[in-house]
Amino acid sequence: MTENMKIWLKELYLEAAEEHFGTASNEHLWALGAPTDEASMLHEMNADEHRAFANMLTFMAHNIKEEN
């Protein structure tokens, strides 16, 4: 993998992580306004899953080794 490819991949991971953190935030807001406890729980579970995926993407981005 070239250095440019490493930079692009890192940026891609970080941008995707940011999107998933945003989706998690939206899911949390939907949970707060959900009409039932069950719907609220489902939205919070979705938020947790998006946060976990965003954290995984962030971890992967920071573990791409760039030449210095």
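Which side chain meets that of Arg51 in a salt bridge? The partner is Asp48, with an N to O distance of 2.8 Å.

## Basis of the report

This is a predicted model, in which local features need pLDDT of at least 70 and side-chain atom pairs count only at pLDDT 80 or more, while totals for chains, interfaces and linings use all residues. Residues are numbered from 1 along each chain as its sequence is written, and side-chain values use heavy atoms, with hydrogens and water left out.

## Helix α2

Helix α2 covers residues 37-62, 26 residues in total. Helices are DSSP runs of H or I with at least four residues, numbered from the N terminus. From the first C-alpha of α2 to the last, the distance is 37 Å, close to the 38 Å expected at 1.5 Å a residue. The expected span is 1.5 Å times one less than the number of residues in the helix.

The buried residues of α2 are Ser40, Ala47, Ala54, Leu57 and Ala61. Buried means under 20% relative accessible area, exposed means over 50%, and partly exposed lies in between (1.4 Å probe, protein chains only). Helix α1, residues 3-32, is included in what covers these buried residues of α2.

## Lys10 in helix α1

Lys10 belongs to helix α1. Its relative accessible area is 22%, so Lys10 is partly exposed. Contact means heavy atoms within 4.5 Å. When neighbours within four places in sequence are left aside, Lys10 is in contact with Ala61, His62, Ile64 and Glu66.

Lys10 and Thr58 are 48 residues apart along the chain. Their C-alpha atoms are separated by 8.6 Å.

## The salt bridges

The structure holds 2 salt bridges. A salt bridge is a side-chain nitrogen of Lys or Arg within 4 Å of a carboxyl oxygen of Asp or Glu.

One of them joins Glu3 and Lys6, whose closest N and O atoms are 3.1 Å apart. Both residues lie in helix α1, 3 residues apart, which is about one turn of the helix. Glu3 is partly exposed because its relative accessibility is 27%, whereas Lys6 is buried because its relative accessible area is 14%.

Arg51 counts as partly exposed because its relative accessibility is 29%, and Asp48 is partly exposed, with a relative accessible area of 44%.

Note on methods: Helix = DSSP H or I, 4+ residues; strand = E, 2+ residues; numbered from the N terminus.
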